[in-house]
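This briefing covers charged side chains, their pairing and the overall fold. The structure comes first, then the notes.

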Amino acid sequence: MRAVVITGVSRGLGAALFDVSSARGDRVLAVGRHFSPQQQLLRDERPGDVTLFSTDIADAHWLPDYDTLRGFLRDADEVVLIHNAAVVEPIGAVGRLTTEAITNAIAVNLTAPVVLTNTFLRAAPSDARVRVLFISSGAAHRIIDGWALYCTTKAAGETFFDVVASQVRDEERISIVNVDPGQMDTGMQENIRRVAGTGAYFPGRQRWVDAPAEGRLADPLAVAERILKEHAA
């Protein structure tokens with residue numbers, strides 16, 4: 001049996017990962033602040049297979065703890081953790097960002113994955129296959145003016161998971177990977193286009209404004225199917 005933990009499932013890629021995982025019969029623990037009516041209905045219909053853990057991912061103290069994860073992962077022969085939750089904002093010039101926006105981006109994009117991975121690896125059954133996926137971005141590898149926090153937290157996240165991967169390199173049952181899903185038709189892209197319409201510092205805005213018309217946004221469901229097939233099949 002496969003047990004899958006996914007963060008940020010209310011929409012976009014996270015919702016698609018939830019749909020694909022639950023449809024193939026995985027036991028799913030969804031972590032986030034909001035859940036769709038369909039996800040809540042599925043939880044009610046399959047309470048033994050679907051758990052919705054409501055929390056503010058920006059507060060690491062309220063992420064699933066050891067006991068919660070240990071209980072959820074029980075009896076699984078494969079356990080998967082997918083760090084999908086992320087925020088692209090704040091977008092703008094450093095020097096004009098709010099402290100609240102800065103700390104929230106670091107908490108969601110970096111602190112939460114680090115803390116949850118640490119707990120997950122302790123809670124995972126000792127004989128289970130372990131898969132940890134960090135949904136990253138091309139922004140981890142290139143400078144995008146105005147995206148200081150997103151670029152920084154994604155790059156830092158990849159470094160953390162590269163270090164963890166090195167730590168477990170001799171354990172064949174454990175896989176730690178960074179995954180760049182590419183541009184997708186998601187709420188994050190809508191947020192980027194919204195900010196592009198404001199006066200925020202964002203010199204490369206037109207590339208993101210033109211993405212839908214140019215057909216550069218992939219279907220999140222197709223991306224979710226590919227990710228799970230490649231890394232957690």
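The side chains of E78 and R129 form a salt bridge, at 3.2 Å from N to O; the term means a side-chain nitrogen of Lys or Arg within 4 Å of a carboxyl oxygen of Asp or Glu. This pair links distant parts of the chain, with E78 in strand β4 and R129 in strand β5 (residues 129-135), 51 residues apart. The model is predicted: local features need pLDDT of at least 70, side-chain atom pairs count only at pLDDT 80 or more, and totals for chains, interfaces and linings use all residues. Residues are numbered from 1 along each chain as its sequence is written, and side-chain values use heavy atoms, leaving out hydrogens and water.

**Salt bridges**
- R2 also pairs with E78, their closest N and O atoms lying 3.5 Å apart.
- R2 is in strand β1 (residues 2-7) and E78 in strand β4 (residues 78-83), so this bridge ties together parts 76 residues apart in sequence.
- The count of salt bridges is ten.

**Burial**
- E78 is buried at 2% relative accessibility, where buried means under 20% relative accessible area, exposed over 50% and partly exposed in between (1.4 Å probe, protein chains only).
- R2 is likewise buried, at 17%, whereas R129 is partly exposed at 37%.
- Of the 233 residues in the chain, 48% count as buried.

**Fold**
- The chain has eight helices and six strands, taken as DSSP runs (helices H or I, at least four residues; strands E, at least two) numbered from the N terminus.
- The C-alpha atoms fill a box of roughly 50 × 35 × 30 Å along the principal axes.
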